[in-house]
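Here is a friendly walk through one protein model, meant to be read with the viewer open.

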Amino acid sequence: MYSKAKFVLIFLLGVVASCWGFLEHDSWITVELQHSLAANSESFSFRGNVTIPSLNSGLANVEQPALSIVDLDLLKKLALGNEFYRLKATVVYSNGAKAQFITSNKACRLLQAQLNDVLWVSLDPSGYVTGITVSQDTAPATVECTQEDVNKLVEKQFSTDVLIRHAELAPVPDTAGFIQKVEREREARERGEVRDNRGFFAKYWMYIVPVVLLVFISGATNQDGAK
């Protein structure tokens, strides 16, 4: 019993150690934001930086400079063409490791929201970033932007809210407790401490049923012979 419980404990510790990884849960990360302002282009330009000093608290510092006239015109052109606005997020962990994520949505929605967006940062239980997405809170007034919608754009700087989404741990089965319970029941049966409180038929049904079937078949055979 002790050896089995010890094996289960070592197995669970190994699973926890493998999932923990190099990043502590309450650590800091920085996210560099770059965006693509040209349709069907792989070139990205700097948009801003996001610093999250504590993953537990979820507080973030966002620094984003105002858009230049050239970048603003490119963004308006994307909106008029009903193109996608793409955002590249480069996560830098406390030990220098990096991870990249790309998200996109309609440029028209971004203009209709007056450059207000929400950056969702999803974390696994060990503190790794599993995904970054950008969205707008306000619903678009129209499906496609018109020149009138573009002319309504007043803001020249992004206003971003950062929300941390923590993954929820699934319940872990108590394997060690179950093995100990099975071992205790087995030892009790071997010592004769466990009484069988079942009824007579529940105990010996495997012997009664064949006899009944044999009598039934024998009686049917005798009746056929008599006929």
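Let us begin with Q114, which is partly exposed because its relative accessible area is 21%; buried means under 20%, exposed over 50%, and partly exposed in between (1.4 Å probe, protein chains only). The model is predicted, so local features need pLDDT of at least 70 and side-chain atom pairs count only at pLDDT 80 or more, while totals for chains, interfaces and linings use all residues. Residues are numbered from 1 along each chain as its sequence is written, and side-chain values use heavy atoms, with hydrogens and water left out.

**Backbone and loops**

Q114 sits in the loop between helix 3 (107-112) and strand 6 (116-123); helices (H or I, at least four residues) and strands (E, at least two) are DSSP runs, numbered from the N terminus. Although Q114 is not a glycine, its phi is positive, at about 55°. Most residues other than glycine have a negative phi. N82 also has a positive phi without being a glycine, with a value near 55°. Its place is the loop between helix 2 (69-80) and strand 4 (84-92), and N82 counts as partly exposed because its relative accessibility is 24%.

Another loop residue is L55, found between strand 2 (45-52) and strand 3 (61-63). Is L55 buried or exposed? L55 counts as buried, because its relative accessibility is 0%. Its C-alpha atom is separated by 7.6 Å from that of G127, a residue 72 positions away along the chain.

**Aromatic pairs**

Rings of Phe, Tyr and Trp (its six-membered ring) pair if their centres lie within 6.5 Å; planes under 30 degrees apart count as stacked, over 60 as edge-to-face and the rest as tilted. The count by this rule is two aromatic pairs.

| Pair | Centre to centre | Angle of planes | Class |
|---|---|---|---|
| Y85 and F158 | 6.1 Å | 35° | tilted |
| Y93 and Y128 | 6.2 Å | 70° | edge-to-face |

Y85 belongs to strand 4 and F158 to the loop between helix 4 (147-151) and strand 8 (159-166), so this pair links distant parts of the chain, 73 residues apart. Y85 is buried at 1% relative accessibility, and F158 is buried with a relative accessible area of 6%. Y93 lies in the loop between strand 4 and strand 5 (98-106) and Y128 in the loop between strand 6 and strand 7 (129-135), so their pair ties together parts 35 residues apart in sequence. Y93 counts as buried, at 4% relative accessibility.

**Charges over rings**

A charge sits over a ring if NZ of Lys or CZ of Arg is within 6 Å of the ring centre and within 35 degrees of the ring normal. R47 lies over the face of F158, at 3.8 Å from the ring centre, and the charged end of K106 sits over the ring of F84, 4.3 Å from its centre.

R47 is part of strand 2 and is buried at 3% relative accessibility. Its side chain makes polar contacts (pairs of N or O atoms within 3.5 Å; within protein, one must be able to donate a hydrogen and the other to accept it, and residues adjacent in sequence count only if both atoms are side-chain atoms). What are the partners of the R47 side chain? They include the side chain of Q64 at 2.6 Å and the side chain of T160 at 2.9 Å.

**One more helix residue**

F200 is in helix 6 (residues 200-226), and F200 counts as exposed at 59% relative accessibility.
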